[in-house]
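Try each task yourself before reading its solution.

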Amino acid sequence: MNILLDYSLQELQELMQSLNEPKYRAKQLLNSLLLGQDTAENTTLPKLLKEKLQDYIWQPIKIHRAYEGKDAVKFLYKLVDNNIIEGIVMNHKYGYTLCVSTQVGCRMGCKFCASTLDGLSRNLSAGEILGQVVAVNKYLQGNIENRKITNIVLMGSGEPLDNYENVLKFLQLITSKDGFNFSKRNISLSTCGLADKIEKLADDFPGIILTISLHSANQANREQIMPVAKLFDLDRLIKSVQYYAQKSGRRVIFEYTLIDGVNDSVEDALSLRNLTQNLMCHINLIPLNYVKERDLKTSKNIYAFEKKLKDLGCSVTIRNSLGSDIEGACGQLRRKVLQGDLDE
Ligand code: SAH
């Protein structure tokens, strides 16, 4: 697959050169791509150049369906290979936050999450991740200077650090002055805890907000709900988080989904405080969102758990995920196969 959104401006310039076209065509092409145009919609490039580009894919992400909820819109995106992935844009007071997916499916196997139910199908390319931003910005009637999406969270389906090179390239493209020019401060990357890659990210691209899906501060318990904990234990994870915080100068966010009888006891709160007390961090408590294939319930102690942590001196808030009315909240995004009623 030759996806033009995978290319940086410099790479498009090299492509133009190889096609015997003037260099300035690269910027015209990039602008057109970022506006969500297909070859037919483009009016700036000569016909001959478009013919030379006929084997290239302009828009790798097509919005197949959009479900408008109270405070969010959930999208079904169709990929070039007919895979369907989901995404969600949330309407906050300050603007729109887009939650992007980084893989078709996921192989991390967390016991509470819908994205991993069928395992990993494949990685998304940088252009397929960027294509989600392009498609939704167009849907919201934004353009390049006046883009409607203000924040990006890599919290859709997939484990971003399990698709490291493509995600890194996406981060470079999305923050590029030649493109959407996002500020690093407005980008959050969430990981289940691939410690080696967290350290690599600290070296390669510090400055974006790092979010750790922790969900338990007890090693044995965490292994039960998150198989990745067997690969990188809590000590190793915290070392990598410290390294990231030090390199980026930013506090790290811990996500803690409260599951009834699994991680919501007073001892769990104590372990969480002990694990995080020497870190520059904030804790987000998230009520568990319903996933029909999973036999887990949200905690009944959410407020008590928050109060306990506050009393212990933690910086903590309860975060309700938006989009649960359209099954687009944290952990509810999943891969779909194009068939039946989807196949129009
Ligand atoms: N793989 C990455 C990115 C996914 S982000 C990660 O694990 O961080 C999605 C977030 O939703 C993660 O914090 C995940 O742990 C959380 N989550 C998964 N299932 C959930 C559920 N049923 N209810 C609430 N949060 C859930």
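**Exercise 1: the ligand site**

Phe112, Ser190, Ser213, His215 and Asn289 come nearest among the 19 residues around the ligand, where near means having a heavy atom within 4 Å. This is a predicted model, in which local features need pLDDT of at least 70, side-chain atom pairs count only at pLDDT 80 or more, and totals for chains, interfaces and linings use all residues. Residues are numbered from 1 along each chain as its sequence is written, and side-chain values use heavy atoms, with hydrogens and water left out.

Task: find what lies 3.0 Å from a nitrogen atom of the ligand at phenylalanine 112, then look at the makeup of the shell by class.

Solution: 
1. At phenylalanine 112, a backbone N or O atom is 3.0 Å from a ligand nitrogen.
2. Glutamate 159 places a side-chain N or O atom 3.0 Å from a nitrogen atom of the ligand.
3. Of the 540 Å² of accessible area that the ligand has on its own, the protein covers 95% (Shrake-Rupley method, 1.4 Å probe).
4. The shell holds 9 nonpolar, 9 polar and 1 charged residues.

**Exercise 2: the nonpolar core**

Task: which residues touch the most other members of the largest nonpolar core?

Solution: 
1. Leu4, Val133 and Phe170 do, in a core of 100 residues. Such a core is a set of buried (under 20% relative accessible area, 1.4 Å probe, protein chains only) Ala, Val, Leu, Ile, Met, Phe, Trp, Tyr and Cys residues joined through side-chain atoms within 4.5 Å.
2. Domain 1 (1-58) and domain 2 (60-326) each supply at least three residues to this core.

Definitions and conventions
Polar contact = N/O pair within 3.5 Å; in protein donor to acceptor, adjacent residues only side chain to side chain. Nonpolar A, V, L, I, M, F, W, Y, C, P; charged D, E, K, R; others polar. Buried < 20%, exposed > 50% of the residue type's maximum accessible area, 1.4 Å probe, protein only. Domains from an automatic or database assignment.
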